[in-house]
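Thanks for sending this one over. Here are my notes, in numbered points, to read alongside the model.

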Amino acid sequence: RSVRQRRVISLAIALAGLAAGTLIGMTGIGGVLLVPVLTEVGAMPADRAIGTSTAAFLLGGVVAAVMHLRHVAPAPRIMVPLCIAAIVGALTGATTIDYLTPQSVRWFISFLALFSGAFALVAPLLQKRFRDPRPWEMVVLGVLVGYGSAISGTGGPALLVPLLLILRTEIRLAVALGLLVQIPITLSATVINAHAGRIDYPLAMLLALLVLVGTLAGGRLARYFSGRTLTLCVAVTLMGLGVWYGVGSTS
């Protein structure tokens, strides 16, 4: 690759990190952006892209969780089972990722983007009668979300928030739980990924800073947009990403 091509690729990856952080700060969902850009634009092997992406979300994920948890405080009977189960799922996913084919992982990430985008569109229709999720539901969701996030390089909200909306969880509580669960998932998966040599540390640190900047900016930008506008932007972005990555996975 020429110097110009490398600069364009570096710029695209940097912009993806900022965009992911911005979406996380605005809506809690956005982590699914990084791995497709790292693999398609940066030509990084899928397992290394997943490990690097997961590590990059740790710092921004903590900040985003603190920002949202100041306004919404989930009950311990919900938080504790979710976080413990998510650790189990994330450790299992990060440990078994070498047994999955790159193609199956790519298809899962494409599905995850489409799934998250579609539910961002229908979320307002689901907000009729709210109820808090039950502890046993948190255990099941924690394992599933921890595993799915670890094999896709996302933090957790992209999977957990839509599933909680299906269970009629109030949107602010769903986002807060999605951001909260990101912390044990990224920590657990990063430990395994580091041991397996799947992390590009200089790139992960750079992306972590960009995601953090984007998260802080997204939190401020969210004040200037209506909830419907934010929802539409996230939905279009994620569904477009899912189609693009899915088409690329067939070639």
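1. Let me start with helix α7 (residues 157–166): how many of its 10 residues are buried? Eight of them are, which leaves this helix mostly covered. The buried set in α7 is Pro157, Ala158, Leu159, Leu160, Val161, Pro162, Leu164 and Leu165. Please keep in mind throughout that this is a predicted model.

2. Follow the chain just past α7 and you come to Arg168, whose phi is positive, at about 70°.

3. Now for the whole fold. The protein is built from 10 helices and has zero strands, so its radius of gyration of 17 Å can be set beside the 18 Å that the globule rule gives for 251 residues; the two are close, and the protein is therefore as compact as a globular protein of that length. Along the principal axes, the C-alpha atoms occupy a box of roughly 55 × 40 × 30 Å.

4. Which residues touch the most other members of the largest nonpolar core? They are Leu160, Leu177 and Leu207, out of 60 residues in that core. Helix α8 (residues 171–196) is the top contributor to this core, giving 10 residues.

5. Leu207 deserves a look of its own. Setting aside residues up to four places away in sequence, Leu207 touches Ile13, Gly17, Leu34, Leu38, Thr52 and Ala56. Across the protein, 84% of the contacts between residues at least 6 apart in sequence join residues at least 24 apart.

6. Leu216 sits in helix α9 (residues 201–221).

7. Finally, the surface and the charges. Of the 251 residues, 54% count as buried. The protein exposes about 11200 Å², and carbon and sulfur atoms supply 71% of that area. As for charge, there are 18 positive and 7 negative side chains, with the centres of the two sets 9 Å apart.

Definitions and conventions:
Residues numbered from 1 in each chain as written. Predicted model: local features only at pLDDT ≥ 70, side-chain atom pairs only at ≥ 80, totals over all residues. Heavy atoms only, no water. Helix = DSSP H or I, 4+ residues; strand = E, 2+ residues; numbered from the N terminus. Rg over C-alpha atoms; globule rule 2.2 N^0.38 Å. Buried < 20%, exposed > 50% of the residue type's maximum accessible area, 1.4 Å probe, protein only. Contact = heavy atoms within 4.5 Å. Areas by Shrake-Rupley, 256 points an atom, 1.4 Å probe, with all protein chains shown as cover. Lys, Arg positive; Asp, Glu negative; His and termini not counted. Charge placed at Lys NZ, Arg CZ, Asp CG, Glu CD. Core = buried A, V, L, I, M, F, W, Y, C linked by side-chain atoms within 4.5 Å.
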